[in-house]
Amino acid sequence: MVNLGVLLSHLLDPPDPDGARHWYTQAANTGNTNAMNNLGTLLVGVDPPDPDGARHWYTQAANAGDTKSMYNLGNLLAGTDPPDLNGARHWYTQAANTGNTDAMYNLGILLSHRSDPPDVDGARHWYTQAANTGHTDAMVILGNLLAGMDPPDLDGARHQYTQAANTGNTDAMINLGVLLSERLHPPDLDGARHWYTQAANTGHTDAMVILGNLLAGMDPPDPDGARHWYTQAANAGHTGAMFILGNRLVVMNPPDTGGARHWYTQAANAGNTDAMVNLGLLLSQLMDPPDLDGARHWYTQAANAGHTGAMFILGNRLVVMNPPDTGGARHWYTQAANAGNTDAMVNLGVLLSQLMDPPDLDGARHWYTQAANAGNTDAMANLAILLETRLDPPYLDGTRHGYTQGHKKEEE
């Protein structure tokens, strides 16, 4: 019956879940724990899921000693809404005590990440149990736990990362590289380079970028090696690498504007808003002749995606057009100001008080005040001038306060 259920649910194309459910149920009613476990798993995966039915059969099998069902029941209880963490902990512990390493690992995660307060000692115990059986993910997370303790156990973390890295775990290779290059005193840059290279050679694009950063920052730097790994990552679709390549090419002597434009465009088309902004800067400031329409396009793309720097730049460019587009500038300055950009607040104050006809002095005062309260000294000075020279009658106490605050900031 069980084998027939497996055939119907896993080997037929399309599967026959109703038939599988029938035969699993027949076998489960005879006390077959494998059938109970398989039936629970089938009920979790049907559309719509039957979590109550799954819980029933997992519990039947778990109470009969089936460790897979104990583990699956722990997963089910930990994933309900709201989760039953006490129940999950009970069944993970039951399964872990029988030697189930996935249960040990999940129990560690529950104790360290989902319990309030966290049970770090308990998590460390179970991660260690799982790691000692060869569970590489447990080695990595145990390394993370040891490296993050106060004080950190860097030797212990290094041991666990090395064990996992030697089995081919790329996350361990990267974490080991970070530990060696950033946490040890003095750093072991050769060791870090070795492990980053191992991870990069498996196709791990984040490792390629980190390796490029390491090579670019060494003394002496290895710019050719860095460019190699950035290019590998960029060609594999890593938008951060594309952006870095664009930045590096644009500051060469002479700049490689064509190469920079290529990589910025690749990253921008993938949604990287910083690349959109830098592409706009390149098109407007470094190309001969400048491509102002292209620059505006990319600034607008970035601004529409929420990049406050792009909003600010757009406001600046629209306000200096001939004639100025004060409506467009006001829109983008306001967007950036509402997102907390103090330079945009200042420029919006200038626009409202000096470029609008009639001027909006209340609006200007509002934005100067917002920026001044955030510590912007230009805003403090502009607010003082506005209060002294543009209001009727002048607000001299506010003027004195604005000048005083700006002077204090300059002295700090």
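# Reading helices and contacts

Q: At the start of α23, which side-chain oxygen reaches towards the backbone nitrogen of aspartate 378?
A: A side-chain oxygen of asparagine 376 comes to within 3.0 Å of that backbone nitrogen. A polar contact is a pair of N or O atoms within 3.5 Å, and within protein one atom must be able to donate a hydrogen and the other to accept it, while residues adjacent in sequence count only if both atoms are side-chain atoms. This is a predicted model, in which local features need pLDDT of at least 70 and side-chain atom pairs count only at pLDDT 80 or more, whereas totals for chains, interfaces and linings use all residues. Residues are numbered from 1 along each chain as its sequence is written, and side-chain values use heavy atoms, with hydrogens and water left out.

Q: How is the span of helix α23 to be read?
A: Helices are DSSP runs of H or I with at least four residues, strands are runs of E with at least two, and both are numbered from the N terminus. The expected span of a helix is 1.5 Å times one less than its number of residues. Helix α23, residues 377–390, has 14 residues and reaches 19 Å between its first and last C-alpha, close to the 20 Å expected.

Q: Which residues of α23 are buried?
A: Buried means under 20% relative accessible area, exposed means over 50%, and partly exposed lies in between, with a 1.4 Å probe and protein chains only. In α23 the buried residues are Ala379, Met380, Leu383, Ala384, Leu386 and Leu387. Seen down the axis of α23, these residues fall within an arc of 160°, so they line one face of the helix; the arc is that of the directions from the helix axis to the C-beta atoms.

Q: Which residues of α2 are buried?
A: In α2, Gly19, Ala20, Tyr24, Ala27 and Ala28 are buried. Seen down the axis, they fall within an arc of 165°, so they line one face of α2. Histidine 22 also lies in helix α2, but at 40% relative accessibility it counts as partly exposed.

Q: How do α13 and α14 pack?
A: Two packed helices are described by the angle between their axes and the distance between the axes. Axes are lines fitted to C-alpha atoms, for helices over the stretch in contact, and angles run from 0 to 180 degrees between N-to-C directions. Helix α13 (residues 205–217) and helix α14 (residues 223–235) pack at an angle of about 160°, with their axes 8 Å apart. The two helices are therefore roughly antiparallel, given that angles under 35 degrees count as roughly parallel, over 145 as roughly antiparallel, 65 to 115 as roughly perpendicular and the rest as oblique. Leucine 211 is found in α13 and, at 0% relative accessibility, counts as buried.

Q: At what angle do α3 and α5 pack?
A: Helix α3 (residues 33–45) and helix α5 (residues 67–78) pack at about 25°, with their axes 10 Å apart, and are therefore roughly parallel to each other. A crossing is left-handed if the near helix is turned anticlockwise from the far one by less than a right angle, and right-handed if clockwise. The crossing of α3 and α5 is left-handed, and α13 likewise passes α14 in a left-handed crossing.

Q: Is histidine 135 buried or exposed?
A: Histidine 135 is buried, with a relative accessible area of 13%, and its place is in the loop between α8 and α9. Its side chain makes a polar contact with the side chain of aspartate 102, at 3.1 Å.
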